[in-house]
Amino acid sequence: MRGAKLQTAANLERLGTESAFEVLARAEALKAEGHDVINLGIGQPDFSTPEHIVEAAVKALRDGHHGYTPAPGILALREAVAADIARLRGVEVDPNNIVCVPGGKVTMFFAIMMFGEAGAEIMYPNPGFPIYESAINYSGAKAVPIPLLEEKDFSFDAEEVLSLITPATRLMIINTPANPTGGAVPREEMDKLAAGLEAHPHVAILSDEIYGQMTYDGHEHVSLLSYEHLRDRLILLDGWSKTYAMTGWRLGYSVWPKDVVGHAEKLCVNVHSCVNASAQFAGIAALEGPQDEPAAMVKAFDERRRVIVSELNQIAGISCIEPGGAFYAFPNITGTGMTSDTLQKKLLEEAGVAVISGTSFGSYGEGYLRFSYANSTENIRLALSRIRDCLA
Ligand SMILES: Cc1ncc(COP(=O)(O)O)c(C=O)c1O
């Protein structure tokens with residue numbers, strides 16, 4: 001019968017989205033109309049994947065790796081991940097606890113689906129990567145925000161975080177260095193959080209460390225995996241997207257506690273079977289090959305970070321603290337008298353600069369905009385001068 005209304009599941013009403021993709025679409029539409037748009041909205045490196053990684057994927061295809069692989073990834077990839085974790089974090093991980101997935105987002109979704117249901121509570125950073133809150137709401141669990149405030153350098157006070165735990169808390173999500181703020185949680189606060197969690201053994205932790213290799217100005221990345229007493233309830237989210245400029249390859253990895261790694265593998269079998277086989281070979285080449293290109297990217301981001309922070313602070317009504325990691329600046333725009341959404345639209349339509357409203361990252365993001373500085377210094381300077389003119 002024509003015109004019949006399709007009955008979809010009620011939980012779809014609770015599913016959110018990531019507005020960076022909407023802003024990207026609008027920016028592309030404006031470009032297609034002939035407008036000159038500088039995109040400081042999308043969160044991906046502006047570099048290409050290093051050549052030897054691309055070659056490894058091409059070779060894998062030529063060598064005939066065209067079929068399914070084991071659901072969590074080929075053993076050689078999981079061994080390469082374990083060796084990388086040992087190199088970067090000084091922690092021994094069993095490759096059997098590692099699950100390779102199509103991007104960091106998949107680990108997030110699986111972890112939230114594994115612990116979330118009606119009656120459960122999941123704590124998440126706010127402002128934070130929007131998919132945390134979206135997936136928690138979709139699961140039916142109650143989303144409990146961990147406020148990340150500018151006055152704390154967008155880090156948190158461990159005591160305050162611990163005070164949000166209730167008997168219904170199943171999962172706590174921590175992301176450092178953070179999207180959208182660039183905040184990096186200092187060791188002292190991480191130590192306090194890890195120690196305090198001993199009193200709450202019912203809480204699992206999802207540690208999103210996708211920007212773990214991008215820290216600046218002496219900020220160190222403190223991995224929650226390095227706290228041995230948390231290991232039997234810690235899920236590590238990491239991957240290749242940001243470190244190796246591989247967002248389009250869809251490749252990520254996760255480490256799961258022994259008790260739940262089987263659930264993660266079963267979710268893989270149900271959802272995607274395995275990661276694209278040739279991408280897995282690219283992943284090995286990335287981890288085992290030379291690390292000079294990722295290091296050069298971080299150096300470039302650091303230089304651009306200084307430029308963008310200094311330029312933002314010269315615009316009336318805007319102030320920006322130094323981000324300690326990732327490739328985002330999160331300036332306070334309350335002095336402009338505009339809401340974040342209004343200013344986001346104005347800058348795109350009138351200045352031709354795409355940035356993301358802080359409210360896209362949660363309620364605590366009002367009064368801020370996210371700028372990605374994964375763009376050339378020249379474009380950053382041009383974008384900021386257009387913004388200055390637009391607000392003059
Ligand atoms: C904090 C955070 N976690 C995870 C992801 C997802 O990364 P991927 O592209 O590998 O799915 C992103 C991407 O922007 C992110 O910012």
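Which atom of Gly 104 lies 2.7 Å from an oxygen atom of the ligand? I looked, and a backbone N or O atom of Gly 104 is the one.

**Entry 1: ground rules.** I am working with a predicted model, where local features need pLDDT of at least 70, side-chain atom pairs count only at pLDDT 80 or more, and totals for chains, interfaces and linings use all residues. Residues are numbered from 1 along each chain as its sequence is written, and side-chain values use heavy atoms, with hydrogens and water left out.

**Entry 2: around the ligand.** I found 14 residues surrounding the ligand, where "near" requires a heavy atom within 4 Å. The closest are Gly 104, Asp 208, Tyr 211, Ser 241 and Lys 242. By class, I noted five nonpolar, five polar and four charged residues in this shell. In this scheme Asp, Glu, Lys and Arg are charged, while Gly is among the polar ones. Helix H4 (residues 104–115) gives the largest share of the shell, three residues; helices are DSSP runs (H or I, at least four residues), and strands are E runs of at least two.

**Entry 3: polar contacts.** Here I wanted pairs of N or O atoms within 3.5 Å. A polar side-chain atom of Asp 208 lies 2.6 Å from a nitrogen atom of the ligand. Arg 250 places a polar side-chain atom 2.8 Å from an oxygen atom of the ligand. The protein covers 94% of the 390 Å² of accessible area that the ligand has on its own (Shrake-Rupley method, 1.4 Å probe).

**Entry 4: salt bridges.** I counted a side-chain nitrogen of Lys or Arg within 4 Å of a carboxyl oxygen of Asp or Glu, and the count comes to 22 salt bridges. One of them joins the side chains of Asp 238 and Arg 89, at 2.7 Å from N to O. Asp 238 is in strand E7 (residues 234–239) and Arg 89 in helix H3 (residues 75–89), so the pair ties together parts that are 149 residues apart in sequence.

Entry 5: Asn 126 and Pro 127 are joined by a cis peptide bond, with omega about 0°. Pro 127 lies in the loop between strand E3 (121–126) and helix H5 (130–139). Another cis peptide bond joins Asn 179 and Pro 180, with omega about 10°.

Technical notes
A polar contact is a pair of N or O atoms within 3.5 Å; within protein, one must be able to donate a hydrogen and the other to accept it, and residues adjacent in sequence count only if both atoms are side-chain atoms.
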